[in-house]
Amino acid sequence: MPARSPDVVVIGGGLVGTACAYELAQDGRRVVVVDRHDEGRATDAGAGILSPETMGGAPPFVALAELAGEHYRTLIAQLTDAGAPDTRYDVCGALRIAFREYDDEYYAANVAQALARHPDLLQHVTPDEARELFPPLGEIRNALFNPRGARVDGRSMTAAIDHVGGRLGIERRHDTAVSIEVKGDRVRTVFTAGARIPCDHVVIAGGAWTPEMAASFGLRVGIRPLRGQIVHLGLAADTSAWPVLQPILSHYVVPWADHRVALGATVEDVGFDARPTAGGLRQLFSEGLRVSPGLADATLLEVRVGLRPVSDDDLPIIGALEGAAGAYVATGHGANGLLLGPVTGRLVADLIAGADTALDVKPFSPTRLDSASR
């Protein structure tokens, strides 16, 4: 007897696509993930800062970020109960800092917005208290501590969701999506390099490569890759209890429990070029050591490079595509894909089910970009 066709094909197997597949399978849908795993996929390189409480920006983005933080706590509990492998998710706290006079105006605006949302959570700390929390820190002007701040490893989180998703019946194929067949104004089939997959819905979650498949459905503008280079450094010190360090206008530092910190990241508009470069490393070390001079004696362990999918208006692109019923897109998360990926999966699953979403997704609709291009 032939295998039943999936209800949904998800194109892209990074954190966003994997989360979409998981949430759809949780709803009882049969799902196939088609993933060619491009070099430079943002999931594999991202630093994994989860501190929505101290984030600023447009109200729709902030609302999505706050929802993402809540969703993470729910999802981590689900994965733990299901016996998933270690996600490398840890609540370690996060320090928002200003270290130059030039930072003061931006820092004050960011802190005011954050404190308005979380007056009983966020804490002003002195420079000396900040250095007690993060010993490599240099001279700073101001600091705000978020005890709810967390970190997550994108590779480990994706693997954990995929592990549980496999138990739910998700099929993952290492393949390349070639085209999507539409009949009667509805998605009918996804053609890959190696197969023909009939389906009722398709979710295009290909990160920076999403336009390859989405252009035929009306997404005429919207996504470009921005390269981010990140260095991982080894230290003799115990880094497990250090908080994430977030300078207001400089490079962040994410400590890990294995005597390692990640220092990043560059922002480079160089197309689909996933090479680490001497110039990128020079920038990271020059700026990073200004903020955290105590890292000067650290050992260089590795360099990771990710191509962030950035939209024209810096908001994610989440929702139905106009070209055919059953076609959806989930991308454009920029540098916040590891934070926003899991909640995006839940929003897409609700949209496909025709259910109410936890927040208004209209600001993230791909149709906004189509309208802007006219």
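Guide: This is a predicted model. Let us begin with N336, which counts as partly exposed at 23% relative accessibility.

Visitor: Where does N336 lie?
Guide: N336 sits in the loop between β20 (327–331) and α9 (337–353).

Visitor: And which residues does N336 touch?
Guide: Leaving aside residues up to four places away in sequence, N336 touches M55 and F61.

Visitor: You mentioned α9. At what angle do α1 and α9 pack?
Guide: The angle is about 35°, and the axes of α1 and α9 are 7 Å apart. Their crossing is right-handed.

Visitor: Which residues make that contact between α1 and α9?
Guide: From α1, the contact uses L15, V16, A19, C20, E23 and L24. From α9, the residues include G337, L338, G341, P342 and T344. By class, the contact of α1 with α9 has 10 nonpolar, four polar and two charged residues.

Visitor: What about α1 and α3, how far apart are their axes?
Guide: The axes of helix α1 (residues 15–26) and helix α3 (residues 59–81) are 14 Å apart, and the two helices pack at an angle of about 65°. Angles of 65 to 115 degrees count as roughly perpendicular, so α1 is roughly perpendicular to α3.

Visitor: Is that crossing left-handed or right-handed?
Guide: The crossing of α1 and α3 is left-handed. L15, Y22, E23 and Q26 of α1 meet H71, Y72, L75 and Q78 of α3. That contact of α1 with α3 has four nonpolar, three polar and one charged residues by class.

Visitor: Changing topic: where is N146 found?
Guide: N146 belongs to strand β7 (residues 142–146).

Visitor: Buried or exposed, what is N146?
Guide: N146 has a relative accessible area of 0%. Buried means under 20%, so N146 is buried.

Visitor: Which side chain does N146 join in a polar contact?
Guide: The partner is E53: a polar contact of 2.9 Å joins the side chains of N146 and E53.

Visitor: What else does N146 touch?
Guide: Besides E53, N146 touches S51, T54, G93, A94, L121 and L122, again not counting residues up to four places away in sequence.

Key:
Residues are numbered from 1 along each chain as its sequence is written. This is a predicted model: local features need pLDDT of at least 70, side-chain atom pairs count only at pLDDT 80 or more; totals for chains, interfaces and linings use all residues. Side-chain values use heavy atoms; hydrogens and water are left out. Axes are lines fitted to C-alpha atoms, for helices over the stretch in contact, and angles run from 0 to 180 degrees between N-to-C directions. Helices (H or I, at least four residues) and strands (E, at least two) are DSSP runs, numbered from the N terminus. Angles under 35 degrees count as roughly parallel, over 145 as roughly antiparallel, 65 to 115 as roughly perpendicular and the rest as oblique. A crossing is left-handed if the near helix is turned anticlockwise from the far one by less than a right angle, and right-handed if clockwise. Contact means heavy atoms within 4.5 Å. Ala, Val, Leu, Ile, Met, Phe, Trp, Tyr, Cys and Pro count as nonpolar, Asp, Glu, Lys and Arg as charged, and the others, Gly among them, as polar. Buried means under 20% relative accessible area, exposed over 50%, partly exposed in between (1.4 Å probe, protein chains only). A polar contact is a pair of N or O atoms within 3.5 Å; within protein, one must be able to donate a hydrogen and the other to accept it, and residues adjacent in sequence count only if both atoms are side-chain atoms.
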